[in-house]
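User: Could you walk me through how to read a fold from its contacts and strands?

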Amino acid sequence: MRRRITVTGPVDLPTAWGRYVEIRRWTDWAPQVRGVEASGDRLAPGLTGRVRAPLGVRVPFTVDEVDEAAHSWQWTVSVLGVAMTLVHDLTATPAGTRAGLTIDAPAPFALTYGLPARLALRRLCRSRAPGRSRS
């Protein structure tokens, strides 16, 4: 199943993009991410790691593509042995930034992940991301 989610908020595009590319900042805006162990500090094709999710679940991932000019990136995660492909994109708007996410996964996973993903994208697009760091 393919599911598309979009959220618009007041943050400018460079700030939102910085929140994506700096791995350590994911916990600031994505409440479902409790921590990240990765092979690097910034998004790059081939980056691998594990996201620490609630209840101690560790979700392995590989970053497949990063297009800095288009402000988009794609990664594959494995949840309970099921692969999900997530494509993130950002677009500047007159009022800030639109964040989009395309989820390609079996229906139960695509539908279940929609709510936490929407919440995370809203936080990504806030003027100041909640959490430890300031932007």
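Predicted model: local features only at pLDDT ≥ 70, side-chain atom pairs only at ≥ 80, totals over all residues.

User: What share of the contacts with a separation of 6 or more comes from residues 24 or more positions apart in the protein chain?

Analyst: Residues are numbered from 1 along each chain as its sequence is written, and side-chain values use heavy atoms, leaving out hydrogens and water. A contact means heavy atoms within 4.5 Å. Here, the share is 46%.

User: Which elements make up the chain, and in what order do they run?

Analyst: Helices (H or I, at least four residues) and strands (E, at least two) are DSSP runs, numbered from the N terminus. From that end, this chain reads β-α-α-β-β-β-β-β-β-α.

User: What is the order of the strands in the sheet?

Analyst: Two strands pair if DSSP finds at least two bridges between them. In this open sheet of seven strands, pairing is antiparallel and the order is E1-E7-E6-E5-E4-E3-E2. Strands E1 (2–9) and E2 (35–38) are the edges, each pairing on one side only. E6 (residues 82–93) and E7 (residues 96–104) are joined by nine bridges; Leu-86, for instance, has Ile-103 in E7 as its bridge partner.

User: Where do helices H1 and H3 lie?

Analyst: For angles, axes are lines fitted to C-alpha atoms, for helices over the stretch in contact, and values run from 0 to 180 degrees between N-to-C directions. H1 (residues 13–21) lies across E4, E5, E6 and E7, at about 160° to E6. H3 (residues 107–124) lies across E1, E5, E6 and E7, at about 15° to E1.
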